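Biologist: Could you take me through this model? I would like to begin with a loop and then move on to the overall fold, the core and the pockets.

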Amino acid sequence: MVISQGVNIATRCEACGGVLILNTGQSIDDGRLCWGTEGGCQACPVGWCDRDSGDATPEEIRQALLAAYGPARLRLTEPEASAVPVLRALREVHGLSLAQARAMAEELKTVGLVGTFVEMELVATRLRHHSVGVTVETSSS
């Protein structure tokens with residue numbers, strides 16, 4: 001199953017002043033967080049495609065997705081779940097130190113983690129792999 005989220009943004013083309021359409025978004029590909037932006041001007045030949053993956057999506061892409069869809073919240077379905085698999089999953093996804101993973105686990109246990117839908121699904125998938133029950137809530141759910 002492919003999990004992705006994207007948004008189209010119309011802006012001004014710096015080359016000709018025409019309308020530039022940007023398609024920007026995030027996806028999970030082979031267990032990795034990926035992001036990209038494709039752009040094309042409707043009035044001139046300006047166009048490009050920029051894709052990458054890694055631990056952190058560029059903030060302008062995150063903000064565009066959060067503005068369009070709102071934040072998603074990842075919560076434990078059993079707040080008293082064992083800390084070991086939770087810490088292991090968080091460290092695997094984010095490459096955190098043990099102290100950082102503990103702080104994130106406490107946040108997950110209390111108020112939940114907040115981010116884009118794709119970011120929260122990436123963490124949820126890893127937690128489920130370690131038999132930790134979680135749910136991802138969106139503003140539309």
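**Loops, core and pockets**

Modeller: S131 lies in the loop between α4 and β7. Please keep in mind that this is a predicted model.

Biologist: Is S131 buried or exposed?

Modeller: S131 counts as exposed, because its relative accessibility is 69% and the cut-off for exposed is over 50%.

Biologist: And what is the phi of S131?

Modeller: The phi of S131 is near 60 degrees, a positive value in a residue other than glycine. Most residues other than glycine have a negative phi.

Biologist: Which loop holds D30?

Modeller: D30 lies in the loop between β2 and β3. D30 has a positive phi of about 55 degrees, although it is not a glycine. D30 is also exposed, with a relative accessible area of 75%.

Biologist: How far is D30 from E106?

Modeller: Their C-alpha atoms are separated by 28 Å, and the two residues are 76 residues apart along the chain.

Biologist: Let us turn to the overall fold. How many helices and strands are there?

Modeller: The protein chain has 4 helices and 7 strands. Along the sequence they follow the pattern β-β-β-β-α-β-α-α-β-α-β. The C-alpha trace spans about 60 × 30 × 30 Å along its principal axes.

Biologist: What percentage of the residues is buried?

Modeller: Buried residues make up 38% of the 141 residues in the protein chain. As for contacts between residues at least 6 apart in sequence, 52% join residues at least 24 apart.

Biologist: On to α2. What span should it have, and how far apart are its ends?

Modeller: α2 has 12 residues, so at 1.5 Å a residue it should span 16 Å. Its end C-alpha atoms are 16 Å apart, which agrees with that expectation.

Biologist: Which residues of α2 are buried?

Modeller: In α2, the buried residues are P85, V86, L87, A89, L90 and V93. An α-helix has 3.6 residues a turn, so residues three or four places apart point the same way. The elements covering the buried residues of α2 include β5 (72-76), α3 (98-110), β6 and α4.

Biologist: Now the core. How many residues are in the largest nonpolar core?

Modeller: The largest nonpolar core has 30 residues, and L74, V86 and L127 have the most contacts inside it. Elements giving two or more residues to this core are β1 (3-12), β3, α1, β5, α2, α3, α4 and β7 (134-137). The element that gives the most is α4, with 6 residues.

Biologist: What is L74 in contact with, beyond its neighbours within four places in sequence?

Modeller: With those neighbours left aside, L74 is in contact with L108, G112, L113, M120, V123, A124, L127, V134, T135 and V136.

Biologist: Which residues belong to the second, separate core?

Modeller: That core has 5 residues, including C13, L22, C41 and C44.

Biologist: Finally, the pockets. What is the volume of the largest pocket?

Modeller: The largest pocket has a volume of about 520 Å³. It is lined by 24 residues, and L33, V93, H94, L122 and V123 lie nearest its centre. Two or more lining residues come from each of β3 (32-41), α1 (59-69), α2 (83-94), β6 (113-115) and α4 (117-129).

Biologist: Which element has the largest share, and what classes of residue make up that lining?

Modeller: α4 has the largest share of the lining of the largest pocket, with 6 residues. By class, the lining of the largest pocket comprises 11 nonpolar, 6 polar and 7 charged residues.

Biologist: How much space lies in the second largest pocket?

Modeller: The second largest pocket holds about 200 Å³ of space. It is lined by 14 residues, of which T24, T37, P58, E60 and I61 are the closest to its centre.

Biologist: Which elements supply the lining of the second largest pocket?

Modeller: At least two residues each come from β2 (19-29), β3, β4 (47-53) and α1. The most comes from β4, with 4 residues. By class, the lining of the second largest pocket has 7 nonpolar, 3 polar and 4 charged residues.

Note on methods. Residues numbered from 1 in each chain as written. Predicted model: local features only at pLDDT ≥ 70, side-chain atom pairs only at ≥ 80, totals over all residues. Heavy atoms only, no water. 1 Å grid on protein atoms, 1.4 Å probe; cavity = no way out; pocket = protein on both sides within 12 Å on 5 of 7 lines; lining within 4 Å. Points joined across faces, edges and corners; volume = space filled by probe spheres on them. Nonpolar A, V, L, I, M, F, W, Y, C, P; charged D, E, K, R; others polar. Expected span 1.5 Å × (residues − 1). Buried < 20%, exposed > 50% of the residue type's maximum accessible area, 1.4 Å probe, protein only. Contact = heavy atoms within 4.5 Å. Core = buried A, V, L, I, M, F, W, Y, C linked by side-chain atoms within 4.5 Å.
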